[in-house]
Amino acid sequence: GYLRGVVKELVHDPGRGAPLAKVIFRDPYHYKHRTEFFVAAEGMYSGQYVFVGKKAALAIGNVLPLAEIPDGTIVCNVEGALNDKGQFARASGTSAIVIGRSEDSGKVRIRLPSGDRKTVPAECRAMIGVVAGGGRVDKPIMKAGVQWHKYHAKRHIWPRVRPVAMNPVDHRFGGGNHQHLGRPATISRFAPPGRKVGKIAARRTGLVRGGKGEKKIELQDLKQQLRLLWKIKIKYHQLPVSYTHLRAHETSLHLVCRLLLE
């Protein structure tokens, strides 16, 4: 089934770029109302009915399990684990896309705003639409005062003083007649507080030359998976129907490679 709620108002949350929707639900077991705050989706309005549940319609602002959302749907406020109230695509103007699913393992694959792909359980819920408040970062910060008020609502992380500009009493990298570290930037994982600054427990430092390490690892994984497929001698007619359509100038081996990369 589903629960029906009504959006009473859209409210501003200090320190958050996206507006919140104040939604009133009827308690299914007691004679009372329950107030919940949702991260508002673009297009939500006060007085709107929102539906939460397995049988809810595929409409802006409704919340459904990922198992009920078709591939290619734009979603936001996606859960990473069941009933964790939403973990991904919650910032203003962001959204995720459902790109695939595995019926056997009960998993759904989504593409995050960063471009990364993540596999989450199909029971996890998501809201349909894009988070409201998009375009917030397009407005230029013309002066330092605007920046100060921006971070003052969040926490004291700006302005940030460089360690080499401090005195020796204030920081490990402070002091000296020229602004320089004066000591290695790497430090042990087990250093005491105050000394544990810089590159903590660094495996390596310096420029990353080549930049093809990740691609090599991906190719190695792909080769291993292809060897496994060759061992079990997968029959291409056993692939799902939606995957059996070869693209132009694509061989069966290319099809398997594309499926693995997806």
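## The main core

The largest nonpolar core in this predicted model holds 18 residues, and Leu 66, Ile 69, Val 75, Val 78, Val 98 and Ile 110 have the most contacts inside it. A nonpolar core here is a set of buried Ala, Val, Leu, Ile, Met, Phe, Trp, Tyr and Cys residues joined through side-chain atoms within 4.5 Å. Two or more residues of this core come from each of β7, β8 (107-111) and β10 (125-128).

Take Ile 69: leaving aside neighbours within four places in sequence, it is in contact (heavy atoms within 4.5 Å) with Leu 58, Leu 64, Val 75, Val 98, Arg 101, Ala 126 and Ile 128. Another core lies apart from the largest one; it has 17 residues, among them Ala 18, Leu 20, Ala 21 and Ala 41.

## A look at Arg 90

Now for a loop residue: Arg 90 sits between β6 (74-76) and β7 (96-102). Strands are DSSP runs of E, at least two residues, numbered from the N terminus. Arg 90 counts as partly exposed because its relative accessibility is 29%; buried means under 20%, exposed over 50%, with a 1.4 Å probe and protein chains only.

Not counting residues up to four places away in sequence, Arg 90 touches Arg 16, Ala 18, Val 39, Asn 77, Lys 85 and Val 131. Its side chain makes a 3.0 Å polar contact with that of Asn 77. Such a contact is a pair of N or O atoms within 3.5 Å, where one must be able to donate a hydrogen and the other to accept it, and residues adjacent in sequence count only if both atoms are side-chain atoms.

## How to read this

Residues are numbered from 1 along each chain as its sequence is written. In this predicted model, local features need pLDDT of at least 70 and side-chain atom pairs count only at pLDDT 80 or more, while totals for chains, interfaces and linings use all residues, and side-chain values use heavy atoms, leaving out hydrogens and water.

Conventions. Helix = DSSP H or I, 4+ residues; strand = E, 2+ residues; numbered from the N terminus.
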